[in-house]
Amino acid sequence: MSILEIAAILIIIVTILVWRITWLAGRLHRATRRTEHTWSALDTALVGRARHAAELVKMPGIDPATALLVLDAAAVALEPDLCQVDRERAESDLSHVLDMIDPMLPISPNGLGPERGRASLCRRLHNDAVATALFLRRRSTVRILRLAGRTAEPRPFEMEDGSICALTVIMREAEN
Amino acid sequence: MVCPYSFDVPGGVQNHVLGLARYLRQSGHRPYVLAPGELGPSAAALDLEDFASAGASMPVPYNGSVARVNFGPLSAARVRRWLRSGKFDLVHIHEPITPSISLLALWAAEQPVVATFHTATPRSRSMQLASGVLRAAIEKIDAGIAVSESARNVVVQHLGRDAVVIPNGIRFHDFAGWSPMRDESPPPQQPRLIFIGRLDEPRKGLDVLLAALPLIKQARPDLQVIVAGQGSRPLPPGCRNLGTVTEQAKIALLGSADVLVAPQLARESFGLVLLEAMASGVPIVASDLPPFVDLLGDRQDDRRLGEVFTVGDHRALALAVVRVLDQPDPMRAARAQHAARNYDWSQVGTTVLAIYRAALSAAPARRASRGAG
């Protein structure tokens, strides 16, 4: 084999390698970007849920003790600069409180159904996106070449949605 | 919306796409549909200008049935051109991992992608071989939908993604509103058993029903049997074959039936026929495939919305049919009909729209809303 032939083969191999790495980096970039978007969607949905819960207790017919309970849970969840673990706990607590007062609330349009459904749906999409990003980050090529750069590793948002599943809630929203 | 199967022939996925498109238009959105082949008469509900053909399709064996799909560089270019026509804010791809325009669309899409998984059993061998390619395509889905828990399990286990379960929709009032006109032939005392599904596909289980017929006839010699579906095969005397029926004829057939038998053996992901029978108020005898049992509700036998029997057991099927014919239970049929109301497009469609909204908010911001592809 002449030097020219070896060089040609080497060039081809390098091209394929570079192409594959670029491709993988593109996938990683897309997955990471999606986790950022799903997170901001989830954040918005959770804030919407807590705000709406706080609004709701101002309605006539809700006793002050219940109102205080809900307001407190909503206020903790809305606190800025919570670390993720604390926020997860606060949102789960809010879910529990909302489960307890759910029977007292009127059904949509003023009930909490749609907000809770949206939050739960956004959370599923976010955790799904995070799982995809993590899968890519753990590939050996990505780790060895540090394709992920210095972006922080995304984390799934673990909280309890409460007893109402997204589907039934959105269905109920449709009925009203 | 991208539908991998041609509208020339009726089918579950096609009906789903048409029903959803109609719902979306009624609620003020503009759906565009890309599918192989031409618009058949069954797709009359679809506007011609909103439909794009991906070219002629070829019959290929896939997942135990013969699917008419298309692929190749020409189709890929067509799909890409369609997606780049700039009309869409969101692409909804049905059956995204079949070798078809759906997979091509998933590859080429730059819009946010919602994907609906209709089947419960992908072929794991070919999936493993192509896993690198598939994996990259599957990563592009922003929000996944599965039509049943069984379909979702496949997505979670084989594809490593999550999916929200949204059942198939039906036009409930088409089925429930049909008033039986059975005063002509046959006389009402002659019970009528129906089977709807492909005749030439073993997994649809017609063989189980045919094996059970002699047993049923012992108890009910006057039984009339009607089968409707694609394909041809020899049938015993006393069975009438209607062949492929239109949607309208199917509704009429269901309205005139005394019992619907769904003897499917495997690979059913939802059971649309069951749902349509429920909406029509027809008593049901079905095999105990998980999606069927889910559709029929309660796990306890006495609360269930129809009779179930062990898959493939023709004796149990015969017993169940005779039970249904001898002791009609109008209350159960009414309960089933009531349950089917939840699957009307007005309900199911709202849930799909909620997923669209979530997918749009999860994907990078683009321009103002114009339509769904």
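B:V164 of β8(B) is the bridge partner of B:I145. Strands β7 (residues 143-146) and β8 of chain B pair in the parallel sense over two bridges; a pair of strands requires that DSSP finds at least two bridges between them. The model is predicted: local features need pLDDT of at least 70, side-chain atom pairs count only at pLDDT 80 or more, and totals for chains, interfaces and linings use all residues. Residues are numbered from 1 along each chain as its sequence is written, and chains are lettered from A and ligands numbered from 1 in the order in which they are written.

**Sheet in chain B**

- The open sheet has four strands in the order β5-β6-β7-β8, with parallel pairing.
- β5 (91-94) and β8 (164-165) of chain B are the edge strands with a single partner each, so one side of each lacks a neighbour in the sheet.
- Helix α3 (residues 101-108) of chain B packs on the sheet and touches β5 and β6 (113-117) of chain B, a contact being two C-beta atoms, placed from the backbone, within 7 Å.
- The direction of α3 of chain B makes about 145° with that of β5(B); axes are lines fitted to C-alpha atoms, for helices over the stretch in contact, and angles run from 0 to 180 degrees between N-to-C directions.

**Helix α2 in chain A**

- Helix α2 (residues 64-78) of chain A has 15 residues and reaches 20 Å from first C-alpha to last, close to the 21 Å expected at 1.5 Å a residue, where the expected span is 1.5 Å times one less than the number of residues.
- A:V70, A:A73, A:A74 and A:A77 are buried in α2(A), that is, 20 or more other C-beta atoms lie within 10 Å of their own, whereas exposed means 12 or fewer.
- The face turned away from the buried side of α2(A) carries the exposed residues A:P64, A:A65 and A:L68.
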